[in-house]
Amino acid sequence: MKILKISGWAVLIILIISQFTRPDKNNAGDVAFESFLAETKPPQEVKEILFSSCFNCHSDHTVYPWYNAITPINYWLNDNILDGKEDLNFSQWTNYSTAKKDDKLAEIMKAVEEKEMPITSYTWMHQEADLGHDQIREIIYWATQLRFEYSLKPNTQ
Ligand code: HEC
C-alpha cells in the first residue's frame, strides 16, 4: 500500500511539473489561409467545411480547444498537427507545383469519401466536423472542378 501511495504522489508531482512545458503553438493567424483561398476560391459551404473540419491540422493556424492547456494532451494534439501538415498544408498550397496540387486534391477526395478524414479522435471532440453526405459531395464537386482548372494550366514546377 505504501508503495502505491508513493507512486501516486510521484505521478501527481510529475504531472504538475510537466505543466510548465508545452509545445510551440501553430498560430500564424488569418494570413495562413489567404493565398490558398485567393487561388482556389472555394464556395462558401466548402470554405466552412475546410475551416471547421480540416484547417486545424492542415494549415499554419490552429484554433485550440481548452484542453490544449493540459500537458501531455497538448503534445499529442501537436503531433497530429505536425503529421497532418507534413502530408498536406493549405498554407503552403501556392508553393506546390500544379502536379502536386492535383495529387493532393485526389487524396482529399479519397480521404473524405472513405471517411478517413477528419480523423476520428477529432470528430469525437468536434462533432460538427464530422462530414455528412452532402458535405462530402460538395468537397468532391469543388475538388473535381479545381482539378479540371489546374489541368488547363501549364505545370509550374
Ligand atoms: C485532428 C487533425 C486532422 C484533421 C482535423 C484533419 N486531418 Fe487530414 N491528416 C491528419 C494526419 C495526422 C494525417 C497523416 C496521417 C494519416 O494519414 O492519418 C492526415 C493526412 C491527410 C491526407 C493525406 C493522405 C491520407 O489520406 O492519409 C489528406 C489528403 C488529408 N489528411 C485531408 C484532410 C481533409 C480534407 C480534412 C478535412 C475534411 C482533414 N484532413 C482533417 C490530421 C488531420
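What follows is a short chat about the structure shown above, which is a predicted model.

Q: What does the secondary structure of the protein chain come to?
A: In this predicted model, the protein chain has seven helices and zero strands, and from the N terminus on its elements run α-α-α-α-α-α-α.

Q: And is the chain spread out or compact?
A: The radius of gyration of the protein chain is 19 Å, well over the 15 Å that the globule rule gives for 157 residues, so the chain is more spread out than a compact globule. Along its principal axes, the C-alpha trace spans about 70 × 30 × 20 Å.

Q: How much of the chain counts as buried?
A: Of the 157 residues in the protein chain, 39% count as buried. The accessible surface comes to about 10,200 Å², and carbon and sulfur atoms hold 61% of that surface.

Q: Which residues have the most contacts inside the largest nonpolar core?
A: That core has 25 residues, and those with the most contacts inside it are Phe36, Leu50, Phe90, Trp93, Leu105, Ile139 and Trp142. At least two core residues are supplied by each of α2 (31–40), α3 (44–58), α5 (98–113) and α7 (133–151).

Q: Where does the largest share come from?
A: It comes from α7, which gives seven residues to this core.

Q: Can we zoom in on Leu50; what is it in contact with?
A: If its neighbours within four places in sequence are left aside, Leu50 is in contact with Phe36, Phe55, Phe90, Ile139 and Trp142.

Q: What share of contacts is between residues 24 or more positions apart?
A: Among the contacts in the protein chain with a separation of 6 or more, residues 24 or more positions apart account for 75%.

Q: New topic: where is Thr94?
A: Thr94 has its place in the loop between α4 (73–87) and α5.

Q: What does Thr94 touch?
A: Not counting residues up to four places away in sequence, Thr94 touches Ser35, Phe36, Glu39 and Lys101. As for Gln145, Thr94 is 51 residues apart from it in sequence and 17 Å apart in space, C-alpha to C-alpha.

Q: Last one, how many positive and negative side chains are there?
A: The protein chain has 15 positive and 22 negative side chains, and the centres of these two sets lie 6 Å apart.

How values were computed: Residues are numbered from 1 along each chain as its sequence is written. This is a predicted model: local features need pLDDT of at least 70, side-chain atom pairs count only at pLDDT 80 or more; totals for chains, interfaces and linings use all residues. Side-chain values use heavy atoms; hydrogens and water are left out. Helices (H or I, at least four residues) and strands (E, at least two) are DSSP runs, numbered from the N terminus. The radius of gyration is taken over C-alpha atoms; the globule rule is 2.2 Å times the number of residues to the power 0.38. Buried means under 20% relative accessible area, exposed over 50%, partly exposed in between (1.4 Å probe, protein chains only). Contact means heavy atoms within 4.5 Å. Accessible areas come from the Shrake-Rupley method with a 1.4 Å probe; for residues, only the protein chains shown count as cover. Lys and Arg count as positive and Asp and Glu as negative; His and the chain ends are not counted. The place of a charge is taken as NZ of Lys, CZ of Arg, CG of Asp or CD of Glu. A nonpolar core is a set of buried Ala, Val, Leu, Ile, Met, Phe, Trp, Tyr and Cys residues joined through side-chain atoms within 4.5 Å.
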